[in-house]
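Have a look at the sequence and the structure before reading on.

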Amino acid sequence: MTLTGIAEFIASFFGLPGSSSVWIVAVLAAAILLGFMLLTVLILIYVLRKLLGKIQARLGPTRTGPKGIFQTAADALKLLIKEDTIPVKADRRVFIVAPILVFVPAYLVYVVVPFGEGNHFIAKDLNIGLLYIVAVSSINVIGVVLAGWASENKYSLLGGMRSAAQLISYEVPQALAVLGPVMLAESLSMQDIVKAQGEGLFSWFIFRSLPLLGFIVFLVASMAEINHVPFDLPEGESELVAGFNVEYSGMRFAFFMLAEFAASFTICAIAATLFLGGWHSPIRGFLDNGWWTVFWFFLKSSALVCLLMWIRATYPRVRVDQLMEFGWKLMIPLALFNVLVVGLYVALGKGG
Amino acid sequence: MIAVHHYIFLSAALFAVGIYGVIARRNAVGVLMSIELMLNAVNINLLAFARYVTPTTLTGQVFAVFVITVAAAEVAVGLALVINVYRNMDHINVDDINLMKW
Amino acid sequence: MSEEEKLENTETSDKPLKPAGKASPGKALAEVTPPDPRLLALAELLQSTFGDAALESVVDRGMVTLVISPGTLLDTCQQLKTDPALSFDYLACLTSIDRQDHLEVAYNLRSLTHKHEFCLKVRLPRDTPEIPTVTSIWKGANWHEREAYDLMGIHFQGHPDLRRILLPDEWEGHPLRKYYVYEPDDVPSEQGPPEHLLIQLEGVE
Amino acid sequence: MDWHTCSFYVLSVMILGSALMVVSLRNIVHCALFLAFTFMGVAGVFALLHAEFLAAVQVLIYVGAITVLILFAVMLTQKTIGISLKQTNRLAPLAVLSAVTFLCMIAVIALNTTFPTSGQHTVAVSTQTIGSAILGNGSYVVPFEVASILLLAAMVGAIVIARGQDN
Amino acid sequence: MGPQHPSTHGVLRVILKLDGEWIVEAHPDIGYLHRSFEKMGELRTYTNGLPLTDRWDYLCAMTNNLVYSMAVEQLLEVEVPERAQYLRVIVCELNRIASHLVFIGTYGLDLGAQTPFLYCFRDRERILHIFEEICGARLTYSYIYPGGVSGDALPGWLEKVDAFLDYLPPMMREIDQLLTGNEIFILRTRNIGLISPEQAIDWSLSGPMLRASNVNFDLRKESPYQVYDRLDFSVAVAEQGDCLARYHVRVAEIGESIKMVKQCLAQIPDGPTRAKLPKTIKPPAGEVYARVDTPRGELGVYMISDGTDKPYRQKIRGPAFVNLSILSELLPGWKIADAVSILGSIDVVMGEVDR
């Protein structure tokens, strides 16, 4: 009942040439991933608002449906219906392309995320998995800059440039932080990394070598990458009103929101895979096969998502030059140090 | 089946577009972009040969990596020059940047 | 003009040092509160230092008031601030008053070191309300003076940025002037109120 | 007409199309956008040639960094975009001529020569093999170091030039 | 930063001249909320002029009523009964706590932290509930009348205040942990918008703005009015004079206010809550400058009576009006993001700036 089976069935059903089943598998996988992503984003937004409500001693959405579960669906519908205005002076084509350029990378990363054991829980286990993630996530910088530039207004251009600078300066520590697990697992492919963390809780990469350092560097750099709260400069409401997406409304604005939330889930998923042993259970061998692996994976990534939301509720915003300084003067040296330590750990481990 | 010469046509075409861009483009940044196109054409060729002519060794791919690094360095310096020219002469029109000292 | 006279004599009786709490009509309830000795001492000190310039000095209901002529304002304030015995380094409030036959500016000064305060008043002729600015001495006076100019029309010579602060720039007239009654349809022009308003405010010349 | 050939043609159309756009459009920002599409197309071709590592590196460096650098440069030289002046100078016909002659020359050479294509299947190219190829024993360690020094020099040079004399 | 800017606490426009990210010049442009209370004051009698005072500083209406009533009482030289004075101090200090809570909440919001805002407003709700019970209104109380207070404390009201005072400290610790210990908050506020003591005195700042620049001057201590001389409390002073110091001074003041109200509850005597005053108040001619220490600084009323039943002139000295005037000298040299933080730390209420 694997995907390829379904693909052959469809190929034969429509009488297409046998070899094209490869295409159909790709299309099917893409559709499933897209559906999965939209679903997670919907659930994520709902959980975020409920959790924020809880932390801030208020209720969160309760109107739409029992306990407000249809709230995000209502929001999405509202955004769909709202009229898509394009500023007159704006550069139409670039204005339309920009949100797509921001949304597509967040979606492409899902290809490599290992949801469970075996390769029917992963779209395509590329052997350059991690490098692919870093490469793809560097595309949205163009989208952000173009979005800022296309809406022809001073505030959004400044917001666009500022967030592009932020994204670039935090890409470096993120890529370096990712090197830790790669060295420990001696492979870029995500499944191998997860397999290397097989032996129970203390084999996870978060504890190996200098505990927590790589994990914290990666998480903070990724939070800056997706403009999460302490670093949400582009939407710094109090200074530049709503940064680069000030001119967007309706469906296009939904693209930006979708990309942001999808990216926040992927960040947690990758962090869980790299540092918290992906789909392995904490106790060696216990419930470690088949559908249970998917359960562990979601448990860990949703725990991380809740952590992110908690941080979103408590931290104020950082000033832009502090952000840059923090990025260049603290994060990159820390990431380099982490690579050094893990390198020593691996070399000693192998040599000793 | 796709053979080597298909890839060579592709890279030659890309290279030709690059040449046209370098010569005909008035804006300095446009010229830099065309140079990038030419370098990419070279890369395609390298990898095509690596794939078809010497599939066992990876020299082609290693060379491609070096070409990419050189290209990155070249763009960085080129754009720095362009910005400096813009700062002094308030335009980056390649035809008018012809005097050695301004 | 009866109300006018009554106002006049209570205000500018020329006895230099009037005991406070003078029983005046209409205050039958509370007994006369004995003047606070500290206030008397302060009034004494001010009288001695500015004897000549001071037109009069009044201690009334917990506040010492010293009236001086506009000409001597700047150096009096300078001395008030720098003189170690006085050291009035804090300008609490600057009030502009329209006394119908003349304008007044009251400076409430306070010394944070000696913890005493008093009110310095200056009288200005109605048609040319000109007075030097004190922003050079207390920067805090900047906005107070702009407000006085905006609402009362007192011109402060040498003020760094004398323009309207509260009202829109193209506003005519100065609302806090006594005759100023703003009816939306008949905005009074600078030279004075429209005729039909005159009867209400009989005090105006 | 298996998926290999058809995706090759799709990709090459995409590359050549957007490359032509890059050199012909008036608005420089649109050119930069099409440049990004060209690079992605080229990355696709690399993947076709079983060089996944190169494809990822291409996307990371070209699309992620160089295009953004060009966009930043374009935005800094803002005035020239406003008036989209005639983008091609009087050498245009000559340029077309030289490009076409070059293309025909290469085509003729490519058709006549028979390349010694060896039939074996490519070795499974994984990051390990490339890593050892670059840094392993008896391989390209020296050029690698030279390349890194070159990058350093370029970085320092760019910063010094771009900073200008103001500080 | 136009009048509708989300972080300018009301309708304040600051014309900023920028050089890239840095502010070169700043000219606050006020007057959008100008209702000319001073002119209206002159057209109303002493008693029905009081409801006007609630609209000056709408976050701390009790102190406005207090200063207006004290001015009239000084003119009449009438003595307010003990119980009324204690009730006045209780109510003013509670209002101070409420106003400081609003400051902490909005300041956190300015810098991006949403949670403290909701915590502060939840606690402030309880204070407003207590006020509603004693004077019927949540914001515009008109509770303190010339000569005393409008209504005596209902049975059980004092116990409610006591219960609130026990409820507040743990909540304050919670808010404290959220903001004070937060290193990003400290990063955004430490030595930003520095005001030296001389500068503060020269620009005649008052209240937390003055005390945060190491100038120990509090009207409640210097010239104690009502029953403040019978309460022992310490004046919260900080040295650095930056946004963080101003924040700490205000948080410390809440603690002090809790202590004061507790002592008032202990010492409050029984007795009448209003002095006998004639139907229409006609104070003898004269001039008086009454002043009170509000959460924003020294609120003063320079009242002149000419023997009639309407004040001849009523000048309102708004603390935030003066505190804001330093902005044009304070902002240049900082960045836009700092401008938001500095403006927030001044705790401006446009009502009494524009009058």
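## Ground rules

This is a predicted model, so local features need pLDDT of at least 70 and side-chain atom pairs count only at pLDDT 80 or more, while totals for chains, interfaces and linings use all residues. Residues are numbered from 1 along each chain as its sequence is written, chains are lettered from A and ligands numbered from 1 in the order in which they are written, and side-chain values use heavy atoms, with hydrogens and water left out.

## Strand 3 of chain C

Start with strand 3 of chain C, residues 63-68. Helices (H or I, at least four residues) and strands (E, at least two) are DSSP runs, numbered from the N terminus. Six of the six residues in this strand are buried, meaning under 20% relative accessible area with a 1.4 Å probe, protein chains only. C:Met63, C:Thr65 and C:Val67 point one way, while C:Val64, C:Leu66 and C:Ile68 point the other way.

Strand 3 of chain C pairs with strand 2 (residues 54-60) of chain C in the antiparallel sense, over six bridges; strands count as paired if DSSP finds at least two bridges between them. Here C:Val58 sits opposite C:Thr65. The hairpin has two residues between the strands, and C:Arg61 takes a positive phi near 50° there. Strand 3 also runs parallel to strand 6 (residues 117-125) of chain C, joined by four bridges, with C:Lys121 as the bridge partner of C:Val67.

## A buried leucine

Over in helix 3 (residues 73-82) of chain C you'll find C:Leu80. It counts as buried because its relative accessibility is 0%. Leaving out residues up to four places away in sequence, C:Leu80 touches several residues, among them C:Leu46, C:Phe50, C:Phe88, C:Phe118 and C:Leu120; contact means heavy atoms within 4.5 Å.

## Where chain D meets chain B

The contact takes 85 residues from chain D and 70 from chain B. About 7000 Å² is buried between them, 78% of it from carbon and sulfur atoms; buried area is the accessible area (1.4 Å probe) that two parts lose on being put together, summed over both.

Conventions. Buried means under 20% relative accessible area, exposed over 50%, partly exposed in between (1.4 Å probe, protein chains only).
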